[in-house]
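Dear colleague,

Please find the structure below, together with a short account of what was found in it. I would be grateful if you read the account alongside the model.

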Amino acid sequence: MALSVIRWQHLLWTRLHRVCEPSVCRLHATGCQQSKEHYKVLVLGGGSAGITMSARMKRKIGAENVAVVEPSEARNPLHRLIMHYYQPLWTLVGAGAKSLKTSGRSTASVMPSGVKWIKSCVQEINPDNSTVRTGDGKEISYQYLIVALGLKLQYEKIKGLPEGFEHPGIGSNYSLQTVNKTWAALQNFKEGNALFTFPNTPVKCAGAPQKIMYLSEAYLRKTGKRPKANIIYNTSLPVLFGVKKYADALWEIVKKRDLQVNLRHNLIEVRADKREAVFEKLDNPGETVTYEYEMLHVTPPMGPPDVLKGNPLADQGGWLDVDKDVLQHKRYPNVFGIGDCTNLPTSKTAAAVAAQSAVLDRTISKVMKNEQPDKKYDGYTSCPLVTSYNTVILAEFDYKQQPLETFPIDQGKERIIMYHMKATLMPHLYWHGLLRGLWGGPGPYRKIMHLGMK
Ligand SMILES: Cc1cc2nc3c(=O)[nH]c(=O)nc-3n(C[C@H](O)[C@H](O)[C@H](O)COP(=O)(O)OP(=O)(O)OC[C@H]3O[C@@H](n4cnc5c(N)ncnc54)[C@H](O)[C@@H]3O)c2cc1C
């Protein structure tokens, strides 16, 4: 009986994570009628970047000329409504500081009114004839295409996952299905190792894998269990954080709170029944090390969406190949990219999406007028490094990994005010500013705050 429940849950999991994989879409397509539609601007993906750009495009050319392809049914059969999630809140959900419910709203409520929502997944993109094919067999042509497909979580690349999530003591803030398991594992912690991982691939919000470690440490301290816990951060990276100013501040915290950091350790297997996690040592190929755990937080490997792999729009790694200054595709001038699916050499965040959206808006205006794009993206991205239940180091930086801070104070320090920005102000800015196409990042405010000097 227990085994069949696990099998059933595994099936459900697989279904949840595969709705936009080509093979599944092909299944859906069998027997569907072919139909043709055309839009002046077609947006692929209705996540943070897709909704933001469709709101901006609606203002520019009118709602009737814009369509968004975003899958509908089975995206989350656990909820009746098709939901859009503010993922940055999941760091706090995994630590019990916010509920999962508060991180989501129905997709219908964030879709700009009048814009056509095509409730399907993109199965094929044909940039040579400016068409896409959806999972239900529809062919859609476009004049301009905005690709905003996000990235793909790849739990299955770790042996023993995702089925290992059915055991206690393991969670992951990166997915809707597992974020509450982090909180359960933390609450049920008794004694032993609390392990946190960072994979050997690009990730979204590179700070999130360690934010949950700081929160967990604070929780264990608050509940008196800290003396019985070894807190360990095993990261594939050779550094704690990519920007020196913030890395220095984080190393101080790590030392002060007695956290163990192992660089160049990559999670390759979880034996959830025995509560063991196996890591490869990236600097000693072939060597592995096994840790027992009481609690494990997994940050999964991540990669580009399947539909881009092998497509002429993708680079060798499968990411959308765009110009890093103006976000126009390098070979197809009527194609543009934004957000996690692109190969922009900056940290993949919603904050980056905000800054990119203002640049892309301008680029598309220029291209529509047959003019040269002129506004350049500087790689702005931001990561509120949550270091406890009331402090944050607000990292903001550019392509050169140099701090690009909004406020005229030292943002390398833990601050209570920044925590309130992360937990309260930023969600508000997301729902009411970014997704309505009204927030293009803090650039103009930074200038004012620094009296025009930055
Ligand atoms: C735990 C966690 C913490 C984070 N913390 C922060 C933070 O503190 N600050 C910050 O700025 N950012 C943070 N982020 C990152 C941020 O959420 C993402 O960078 C942002 O959502 C990227 O937007 P996107 O539109 O590119 O991708 P998404 O918002 O993921 O949207 C992609 C969309 O494409 C759709 N899609 C996929 N495949 C197909 C297909 N074949 N056809 C049609 N549609 C498809 C998906 O359904 C989805 O709606 C965090 C993320 C996580 C998970």
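The bend at a residue is the angle between axes fitted to the seven residues ending there and the seven starting there; helices (H or I, at least four residues) and strands (E, at least two) are DSSP runs, numbered from the N terminus. This is a predicted model, in which local features need pLDDT of at least 70, side-chain atom pairs count only at pLDDT 80 or more, and totals for chains, interfaces and linings use all residues. Residues are numbered from 1 along each chain as its sequence is written, and side-chain values use heavy atoms, with hydrogens and water left out.

Helix α10 (residues 416-434) bends by about 40° at Leu425, and Pro427 follows within four residues.

Polar contacts are pairs of N or O atoms within 3.5 Å. A polar side-chain atom of Ser48 lies 2.9 Å from a ligand oxygen, and one of Glu70 lies 2.8 Å from a ligand oxygen. For the side chain of Lys422, in α10, the distance from an N or O atom to a ligand oxygen is 3.2 Å. Taken alone, the ligand exposes 1000 Å² (Shrake-Rupley method, 1.4 Å probe), and the protein buries 93% of that.

An open sheet of five strands has the order β10-β17-β11-β12-β13, with parallel pairing (at least two DSSP bridges between two strands). Strands β10 (170-171) and β13 (260-262) stand at the edges with a single partner strand each, so one side of each has no neighbour in the sheet.

With kind regards

Key
Buried < 20%, exposed > 50% of the residue type's maximum accessible area, 1.4 Å probe, protein only. Polar contact = N/O pair within 3.5 Å; in protein donor to acceptor, adjacent residues only side chain to side chain.
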